[in-house]
Amino acid sequence: MKISKDKILSFNYNYMMFIILIIQPILDIVSYFAVKYDYTSYTTIIRMIFFMGITLYSFYISKRKKIYIGISGVIAIFWILHMVGCWKNGYQSIPQDIAMYLRTIQMPIFTLNFITIFEKEQKYTWEIEKAYVTNYIIIISSIILSFLIGMPEYTYYGGIGIKGWFAVGNSQSCIVSIMAPLGMCFAYRKKNKILFCATLLLECVNMYFFGTRVAFFSIYIVCISFAFFLVWNKKKDITVYGSLFIALVVCSLFYKYSPCYVNQFKTNESFSEWNNEISKIKEDNKQQDQGKIDKKTYLETYNLYCEDLVKKYGLEKVIKKYNYSTDSSDVISNRKLKINYNKLNMDEKGIWEHAFGYEYMEFIYNGTIYDPENDFPALYFQYGYVGVALYIIFILYFAIITIKYLLQNWSVISIELGSVGTSLILMLGIAQYSGNVLRRPNVSIYLSVMLAYIYYLCKMETNVREKDVNEQ
């Protein structure tokens with residue numbers, strides 16, 4: 001039997017978003033083993049082929065190719081300006097810098113791709129939600145399998161938190177958190193109470209046992225926001241409200257048994273030990289009862305953890321950047337170490353680097369990678385004020401159309417839109433306060449999905465409704 005071309009395209013449109021999304025955890029698992037056995041070049045090639053294939057296909061089917069060309073032009077011009085500054089300082093590795101840039105620009109391009117796909121067939125929202133539930137099943141299945149074959153992977157050293165076969169803890173923590181609202185939305189819209197309770201349990205188990213503060217406290221954000229939008233839409237479902245309440249109560253009662261609490265407890269213990277070490281240094285230098293700390297005390301204190309910074313930038317600049325603190329929560333913080341390394345590096349740069357950033361290899365010193373975990377500061381160091389501005393302007397466009405929609409439809413904010421908004425705000429918050437989101441394609445693709453989803457709900461779906469009303 002001959003199958004028409006239109007039917008083949010229709011099949012592709014109907015299932016494309018679902019397939020794209022369920023491939024993500026599978027690719028992440030493959031990447032985990034590639035990192036473990038040093039085959040990362042192969043997974044990088046696979047992801048680039050995946051990215052280029054979807055982009056070319058989306059460009060081909062798009063009716064607004066000028067937008068693709070315009071955004072590509074901005075990306076190309078910025079890259080040239082960024083490279084000029086890197087050449088001025090003496091490029092260390094152009095291929096490495098290009099690789100990092102390609103990872104960063106995937107978010108806006110994927111967003112454009114997904115909007116194009118939405119425009120072709122506006123039925124993908126159900127597929128996205130279904131894919132998120134499927135992804136939880138894939139993730140939990142891989143974790144169970146890892147224990148069965150004796151290859152479990154933990155979030156933190158000492159067997160704290162269950163990460164599974166995923167390479168970067170912060171990234172996976174973000175993924176399991178931001179999928180939750182739409183996963184619940186799918187189960188709720190199916191009008192199956194057992195499915196909703198099972199989905200909620202699956203999501204909470206993933207977030208509770210992961211071990212990060214982001215994942216644990218996302219349980220509260222997700223459950224409370226979902227309950228809020230149920231109330232907003234005047235839904236009266238005792239089972240759903242009850243299950244959300246029970247989830248919050250159980251997580252609260254068992255907080256002190258959670259991997260999140262255990263890790264924080266051990267971290268605080270570690271900081272206490274470091275504080276004792278710092279106090280001993282002060283005591284040895286007879287500084288414990290004096291307001292002013294001498295240079296020798298600072299040097300010994302900062303050499304405990306920030307020796308590279310002291311060697312490269314000098315003690316005076318380093319202690320000033322740390323605001324003269326000798327508290328272990330400042331001096332021994334890996335996150336602050338990376339941020340301050342790059343702040344000191346940027347202080348030595350000119351106007352051009354402040355505007356367009358410096359190359360990725362400048363994150364590396366003495367064999368240590370000081371790539372900041374927090375995404376927006378990292379974007380600034382790597383791509384300057386202009387790069388951050390372009391990134392924010394892109395996201396701001398979607399914020400504006402959302403605000404405009406809300407002002408016009410304040411009384412009819414759907415549970416679906418509320419779930420998308422929760423995921424989006426949660427993801428941007430995680431990008432700033434946790435990191436490893438915006439510059440990691442396996443995570444930023446979810447941001448692209450959310451932005452395209454927002455565009456669909458606030459622009460496309462609205463236009464379709466208005467058209468139907470006018471035709472009537």
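Residues are numbered from 1 along each chain as its sequence is written, and side-chain values use heavy atoms, leaving out hydrogens and water. In this predicted model, local features need pLDDT of at least 70 and side-chain atom pairs count only at pLDDT 80 or more, while totals for chains, interfaces and linings use all residues.

**View 1. The largest pocket and its lining.** A pocket here is an open set of points on a 1 Å grid over the protein atoms alone, with protein on both sides within 12 Å along at least five of seven lines; lining residues have an atom within 4 Å of a point. The largest pocket has about 1400 Å³ of volume, the space filled by probe spheres set on points joined across faces, edges and corners. Of its 46 lining residues, Tyr156, Arg213, Gln264, Arg335 and Glu373 lie nearest the centre. Elements giving two or more residues to this lining include strand S1 (154–156), helix H9 (213–232) and helix H16 (334–347). Helix H11 supplies the largest share, eight residues. Helices (H or I, at least four residues) and strands (E, at least two) are DSSP runs, numbered from the N terminus.

**View 2. Helices H8 and H10 side by side.** The axes of H8 (residues 193–210) and H10 (residues 238–253) come within 10 Å and cross at roughly 20 degrees; axes are lines fitted to C-alpha atoms over the stretch in contact, with angles from 0 to 180 degrees between N-to-C directions. H8 and H10 are therefore roughly parallel to each other, a label for angles under 35 degrees. Lys193, Phe196, Cys197, Leu200, Cys204 and Tyr208 in H8 meet Thr239, Val240, Ser243, Leu244, Ala247 and Cys251 in H10, where contact means heavy atoms within 4.5 Å.

**View 3. The largest cavity.** A cavity is a set of grid points where a 1.4 Å probe fits but cannot get out, and two cavities of 30 Å³ or more are counted. The largest cavity holds about 50 Å³ of space. Look for Gln24, Arg47, Phe50, Phe51, Gln106, Phe110, Pro441 and Ile445 around it. H2 gives the most to this lining, with three residues.

**View 4. The second largest cavity.** This cavity has a volume of about 40 Å³. Its lining is made up of Ser62, Arg64, Ile67, Tyr68, Leu112, Ile115, Thr116 and Glu119. Helix H3 (65–89) and H4 each give two or more residues to the lining of the second largest cavity, and H4 gives the most, with four.

Terms used
Parallel < 35°, antiparallel > 145°, perpendicular 65-115°, else oblique.
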